[in-house]
Amino acid sequence: MINLAPTRRAVILGLAIAFVIPGLSFAQSPKHGGTLKISHSTRIATLNVLQLSGPAEYPSVDMLYSGLTRIGPDNSPTPDLAMDWVGAEDGTVFTFNLRSGVTFHDGTPFTADDVVATFEAILKPETSSPARSVVDMIESVEAVDPLTVRFNLSISYADFPTAVAHANARIVSAKALAGPLSDLDTKPNGTGPFKLETYDSARVVRFVKNENYFIEGKPYLDAVEMHLFPDLAAETVNYLSGAVDVMLNVQQADYERIASAPGSNALRVPSGRFVNVVMRQDQPPFDDVRVRKALAMSVDRQTLVDIVLEGLGRPANDNILSSEYRYTIDSPEIPYDPAAAKALLAEAGHPDGIKIKLVASNRPAIRAQVAIAIKQMALPAGFDIEVETMPHDTYLANVWRKGNFYMAYWGMQPTEDGAFTLLLTSDAAFEDTAWNSAEFDALVAKGRSSLDEAERARLYAEAQELILRDAPYIIPFFQDVLTASRDNVQGWTVHPLSRVFYIENVWLN
Amino acid sequence: MSELIRTPPGAVGALLLALIIVAVLFGPLLAPYDPQTFYTTVRLQGPSADHWLGTDQFGRDLLSRLLHGSRATIAFGLGATGLGVCAGSLIGVSAGVAGGWVDSIIMRTLDGLLAVPDLLFTLLIVTMLGGGTGHAMLAVAVAFTPGMARIARSSVLSIREREYVLAAVARGESQGYIILREVIPNAIGPIVVEATIRVSFAIMIGATLGFLGLGAQPPSTEWGLMVAEARQFMFRSPWGVAVPGLAIAVAALGFNLFGDALRDSFDPRRRR
């Protein structure tokens with residue numbers, strides 16, 4: 001069996017293949033014109049850039065809007081509407097210099113006032129923007145002059161230029177924000193490379209080229225159409241027949257078939273997204289770290305990668321950070337050892353094993369598949385797991401962040417701090433472990449305000465050591481992001497975060 | 001019995017039923033492998049000498065899962081139909097015996113319920129109660145009740161005026177005695193025939209609910225759930241869908257043909 005354990009070099013190489021090769025093909029004079037048809041399987045329910053969270057909504061707003069910064073291939077912030085930025089006063093003040101001569105799709109010039117209005121809207125709780133918790137350290141934002149904007153932060157925050165690249169923190173015009181917020185649902189007015197032409201959320205959303213886009217000569221395409229296929233089989237058939245040019249998300253089960261089909265290029269990008277087993281620590285049996293460790297030893301990670309991910313991923317060892325993050329430490333491999341797990345369970349006071357119910361929502365199917373596999377793998381260690389599947393909405397209402405043993409599923413975050421404060425700190429946005437480690441909280445707080453690379457690396461390494469010591473989650477693998485495009489499509493990429501798509505670089509041959 | 005299998009459909013039905021009964025009674029003994037064990041080196045395979053019907057996405061043996069699953073699947077069909085028949089017969093016989101306005105109220109209410117298709121009715125109930133085998137079975141039983149009540153009532157209406165019933169009334173027997181000893185034994189023929197045919201529908205509805213994730217829960221080997229789990233891999237290996245799908249069809253066909261033959265044998269006009 002091929003060991004897919006990630007080395008930093010392999011991952012960087014993977015990213016290089018994903019991003020540089022399309023870059024190379026640009027060099028050979030891209031052609032202008034044509035319409036790119038993208039298929040997707042989830043509705044574009046809204047185009048409200050401040051609020052949306054759908055998988056097909058992200059590429060849509062990536063075309064329509066620009067942010068101050070944009071996440072680059074290596075996960076670091078790159079210039080977008082801001083040409084450059086400086087941090088001062090120990091990282092509590094950030095000043096961004098904006099591009100001049102940029103206009104919104106309706107012709108209004110873009111100025112610092114739009115940035116101020118956008119961030120003030122995001123910070124209002126009633127906007128309920130997912131970006132709010134990421135930038136809530138902003139104390140005030142001010143327009144120094146029409147092309148300079150300054151943020152004053154309540155804490156030192158080295159990752160701030162990454163935080164403002166959040167998919168929901170893209171710049172909306174002050175004029176639009178003066179009107180009702182719901183107008184943004186269907187009438188987007190951004191500075192991005194494409195403008196909205198038709199919005200039919202049940203069928204197709206069509207974007208056309210923004211002739212006044214601030215990067216000279218881009219975009220190459222005349223138009224982009226996002227076609228909705230609620231049925232996965234229909235989506236695959238349409239893609240394979242050439243009726244659409246790009247399939248936004250490919251299912252593991254279909255990947256090989258799509259990769260080997262003539263005229264089709266399947267693309268797989270290593271990512272830090274994962275399925276995790278949540279074990280609440282404020283009640284038995286998982287209040288005992290030995291029980292959590294015993295379960296961790298009862299999971300055959302490589303086999304899960306092979307049978308659930310079809311090999312399209314890498315085994316993980318309960319560290320929430322994959323090697324795509326900057327400060328990831330090497331986590332020791334947790335071998336599959338049911339005998340040792342059984343002994344540890346006995347030591348923890350469960351010589352006859354544990355009978356427990358594991359809940360998995362039915363969407364995506366991978367949650368239940370992992371649950372069933374773990375049930376079988378953990379049987380010889382003495383875990384008698386009963387799997388209960390339920391519709392996703394029921395799960396969200398009754399089990400998520402309430403139950404003591406269930407399957408969760410998370411995408412990759414742009415920064416270490418983003419991942420820690422999403423799930424694991426005591427005040428994390430979606431805290432569900434009841435771990436409440438003051439030690440961990442302190443390390444994360446220190447790390448986020450440290451401006452010294454080496455010190456951050458050390459603090460984050462210590463924080464990860466704590467995760468490995470206390471095993472708040474079982475994270476069996478990291479799942480690759482899968483997409484596919486037809487032969488004539490040049491420059492189509494996906495990012496491990498699945499938030500930026502750079503469609504202005506895509507052209508049709 | 002010999003009369004039942006004289007016609008080709010009856011013979012086929014009886015044969016299929018016999019197969020199913022063998023699977024239900026001896027399935028776990030006949031199964032070559034444990035139905036839950038992963039054989040990860042032989043995932044998504046077609047039939048072979050080692051795995052006669054192939055394997056699923058976890059490398060579990062399809063034949064073994066099919067044999068084990070026959071119990072859950074058939075038990076669901078029989079259980080749901082049994083409950084529905086009992087409830088329906090009770091209501092139908094009561095309405096038929098009582099007559100008058102009681103009969104009118106009960107039957108008009110049931111007519112209203114009959115307007116809703118069985119599967120839709122079942123889905124409504126399962127959505128209200130939540131999924132799981134027990135709830136699904138109850139839902140199918142409730143959906144079957146109006147139809148069974150109608151059949152039971154019509155038999156009772158024709159029997160009510162027969163001489164032996166009038167004789168029992170003349171003897172001064174109690175209402176309960178008349179229903180239990182005179183009416184039901186004579187009305188049971190059509191009810192049994194209807195029930196047999198309905199088992200096939202119950203099996204299919206059960207499989208549908210399992211497929212939709214509202215019935216049996218993984219890693220159960222219930223056949224509808226097997227189809228649902230294999231659907232994602234249909235293009236790579238059709239066996240995971242085809243094997244349990246065929247099994248559902250065979251079971252439904254068996255009960256249906258047998259029920260038809262049973263009805264024919266009860267029908268005096270068709271007797272030669």
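Okay, let's start with charge: in chain B, the mean positions of the 20 positive and 18 negative charges lie 3 Å apart. Lys and Arg count as positive there, Asp and Glu as negative, with His and the chain ends not counted; each charge is placed at NZ of Lys, CZ of Arg, CG of Asp or CD of Glu.

Housekeeping, quickly. This is a predicted model, where local features need pLDDT of at least 70, side-chain atom pairs count only at pLDDT 80 or more, and totals for chains, interfaces and linings use all residues. Residues are numbered from 1 along each chain as its sequence is written, chains are lettered from A and ligands numbered from 1 in the order in which they are written, and side-chain values use heavy atoms, with hydrogens and water left out.

Staying with chain B, we have 9 helices and 0 strands, where helices are DSSP runs of H or I, at least four residues, and strands are runs of E, at least two, numbered from the N terminus. The C-alpha trace spans about 75 × 45 × 25 Å along its principal axes. Of its 272 residues, 47% are buried, meaning under 20% relative accessible area with a 1.4 Å probe, protein chains only; exposed is over 50%, partly exposed in between.

Over to the cores. A nonpolar core here is a set of buried Ala, Val, Leu, Ile, Met, Phe, Trp, Tyr and Cys residues joined through side-chain atoms within 4.5 Å. The largest has 67 residues, and Phe119(A), Phe151(A) and Ile503(A) have the most contacts inside it. Helix 3 of chain A, residues 112-123, gives the largest share, 7 residues. There's also a second, separate core of 42 residues, Phe286(A) and Phe405(A) among them.

So what does Ile503(A) touch? Leaving out residues up to four places away in sequence, its partners include Leu36(A), Phe194(A), Leu221(A) and Trp492(A); contact means heavy atoms within 4.5 Å.

Trp492(A) also touches Thr483(A), which sits in strand 17 of chain A, residues 473-486. Is Thr483(A) buried or exposed? Buried, because its relative accessibility is 0%. Its side chain reaches the backbone oxygen of Met247(A) at 2.8 Å and the backbone oxygen of Leu248(A) at 3.0 Å. Thr483(A) also touches Val250(A), Asn265(A) and Val494(A), among others.

Key: A polar contact is a pair of N or O atoms within 3.5 Å; within protein, one must be able to donate a hydrogen and the other to accept it, and residues adjacent in sequence count only if both atoms are side-chain atoms.
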